[in-house]
Amino acid sequence: MENTTGLRESKKLRTRRQLAATALELFLERGFDAVSVADVAAAAEVSKPTLFRYFPSKEDLVLDRFADHQDEAARIVRERPAGRSPVGAVHDHFLAALGERDPITGLCDHPNVLAFQGLLYATPSLESRLAHYSDREVELLAAVLEAESAAPLTARLAAIHLVAVRHELGRENWRRIAAGQSADEAYPAAVTDADRAFAMLAEGLDAALPIRPA
């Protein structure tokens with residue numbers, strides 16, 4: 001029974017990835033607004049109802065990859081070392097991701113990543129739907145902070161700011177790459193921006209959030 005369940009889940013995952021890949025190829029080729037859900041379903045050789053079982057909206061066909069990162073900030077804070085503040089832990093992780101040219105930081109000049117980000121930031125409905133994923137990030141991070149004895153409002157305000165800074169830094173890095181800089185050329189300024197942004201947060205949040213005891 002377990003093997004059957006495992007095979008079924010693997011098949012669902014493959015189908016999901018195939019649908020997302022097919023959709024992205026069409027969106028990049030024709031433009032997001034010029035491609036319908038019916039077009040994607042036809043290209044992937046599935047019915048529209050089948051497609052909607054995997055993706056609630058057309059926008060989710062593009063943004064589903066963000067679902068893998070929704071618990072990232074919460075995990076970073078939850079697993080941070082003793083004596084490290086939540087702001088410091090998220091800062092450390094972002095700097096490490098910059099060094100690795102992680103696409104989530106915006107500091108990645110791979111053509112496929114640039115094409116995806118160009119589609120995202122040029123399509124208002126995608127940016128609007130992205131707020132749904134950001135809200136979930138905030139919810140998960142706030143829950144971790146509240147579990148560490150932060151007051152509910154403090155936890156939520158801190159989570160909102162931490163998530164917003166990560167996203168805005170990523171957008172600024174993408175702007176640099178889109179303007180023609182390579183990831184290596186943009187890296188020093190990206191680090192400077194990250195250090196400044198997280199320092200601003202630390203000034204206000206470190207006194208309000210719990211520090212994990214050593």
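At what angle do helix 6 and helix 10 pack, and how far apart are their axes? In this predicted model, helix 6 (residues 86-99) packs against helix 10 (residues 183-205) at about 175°, with the axes 10 Å apart. Because angles over 145 degrees count as roughly antiparallel, helix 6 is roughly antiparallel to helix 10.

**Contact of helix 6 with helix 10**
- Helix 6 contributes Val87, Val90, His91, Phe94, Leu95, Leu98 and Gly99 to the contact.

**Largest pocket**
- The largest pocket holds about 600 Å³ of space.
- Its lining has 27 residues, of which Phe66, Pro103, Ile104, Phe116 and Gln117 are the closest to the pocket centre.
- Two or more lining residues come from each of helix 7 (111-121), helix 8 (124-147) and helix 9 (152-178).
- The lining of the largest pocket divides into 12 nonpolar, seven polar and eight charged residues.

**Second largest pocket**
- About 250 Å³ of space lies in the second largest pocket.
- Its lining consists of Leu13, Arg16, Arg17, Ala20, Ala21, Leu24, Leu61, Val62, Asp64, Arg65, Ala67 and Asp68.
- Helix 1 (2-30) and helix 4 (60-63) are the elements that give two or more residues to this lining, and helix 1 gives the most, with six residues.
- Seven nonpolar and five charged residues make up the lining of the second largest pocket, with no polar residues.

Terms used:
Residues numbered from 1 in each chain as written. Predicted model: local features only at pLDDT ≥ 70, side-chain atom pairs only at ≥ 80, totals over all residues. Heavy atoms only, no water. Axes fitted to C-alpha atoms, helices over the stretch in contact; angles between N-to-C directions. Helix = DSSP H or I, 4+ residues; strand = E, 2+ residues; numbered from the N terminus. Parallel < 35°, antiparallel > 145°, perpendicular 65-115°, else oblique. Contact = heavy atoms within 4.5 Å. 1 Å grid on protein atoms, 1.4 Å probe; cavity = no way out; pocket = protein on both sides within 12 Å on 5 of 7 lines; lining within 4 Å. Points joined across faces, edges and corners; volume = space filled by probe spheres on them. Nonpolar A, V, L, I, M, F, W, Y, C, P; charged D, E, K, R; others polar.
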